[in-house]
Amino acid sequence: MGLIAKQPDLGTALLIFASGAYVIFLAGLSWKIIAGLVAAGGACLPFVWSALHDYQRQRVLTLLDPTSDPLGAGYHTIQSTIAVGSGGLLGKGWLNGTQTHLDFIPERTTDFIFAVFAEEWGLVGNTALLLLFLLVIARGLVITAGARRSSPGCWRARSP
């Protein structure tokens, strides 16, 4: 993770860090150790902040307050928020989103797909989508919890 962050590719480094943290958590590490690691990570935040490049700090600040640069770095976040809010309870309907189809939202098929979905399907559609994701994740966790633990070396090919 450190080598990737040094490139600098902060986004990928954070994703790798989060994946490792989830693996450690699911492996059954003690809550005391996890709490100690979280506290140590919190204590390191000022040092991490000073090690970031200027543009990385600006991205974090824009994430926390997109209205600080509404026509620049915060524009996309503000427009996606407007799209989610304009969807209301039931949404505007399939392919009827104004923010989306009047090109206020960039990259609507990739980066901002949730904002597009929210505008067209509303709160009810978003809730259904998130519940479906939750069910898929829960089913995966149930399968994982019920899986038989294997012994070391079980991946090797066995002779007939």
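Reader: At what angle do the axes of helix 5 and helix 7 cross?

Author: Please note that this is a predicted model. The axes of helix 5, residues 75–87, and helix 7, residues 113–146, cross at roughly 20 degrees and come within 6 Å.

Reader: Are helix 5 and helix 7 roughly parallel or perpendicular to each other?

Author: Angles under 35 degrees count as roughly parallel, and helix 5 and helix 7 are therefore roughly parallel to each other.

Reader: Is the crossing of helix 5 and helix 7 left-handed or right-handed?

Author: The crossing of these two helices is left-handed.

Reader: Which residues meet there?

Author: Helix 5 contributes Ser-80, Ala-83, Val-84, Ser-86 and Gly-87, which meet Ala-115, Ala-118, Glu-119 and Gly-122 of helix 7. By class, this contact has 4 nonpolar, 4 polar and 1 charged residues.

Reader: Turning to pockets, how much space lies in the largest pocket?

Author: The largest pocket holds about 1,400 Å³ of space.

Reader: Which residues lie nearest its centre?

Author: Of the 35 residues that line the largest pocket, Leu-10, Leu-14, Phe-17, Leu-45 and Val-48 lie nearest its centre.

Reader: And which elements give two or more residues to the lining?

Author: Those elements are helix 1 (2–6), helix 2 (10–26), helix 3 (31–51) and helix 4 (54–64). Helix 3 supplies the largest share of the lining, 10 residues.

Reader: What is the lining of the largest pocket by class?

Author: The lining has 23 nonpolar, 9 polar and 3 charged residues.

Conventions
Residues numbered from 1 in each chain as written. Predicted model: local features only at pLDDT ≥ 70, side-chain atom pairs only at ≥ 80, totals over all residues. Heavy atoms only, no water. Axes fitted to C-alpha atoms, helices over the stretch in contact; angles between N-to-C directions. Helix = DSSP H or I, 4+ residues; strand = E, 2+ residues; numbered from the N terminus. Parallel < 35°, antiparallel > 145°, perpendicular 65-115°, else oblique. Left-handed = near helix turned anticlockwise from the far one by under 90°. Contact = heavy atoms within 4.5 Å. Nonpolar A, V, L, I, M, F, W, Y, C, P; charged D, E, K, R; others polar. 1 Å grid on protein atoms, 1.4 Å probe; cavity = no way out; pocket = protein on both sides within 12 Å on 5 of 7 lines; lining within 4 Å. Points joined across faces, edges and corners; volume = space filled by probe spheres on them.
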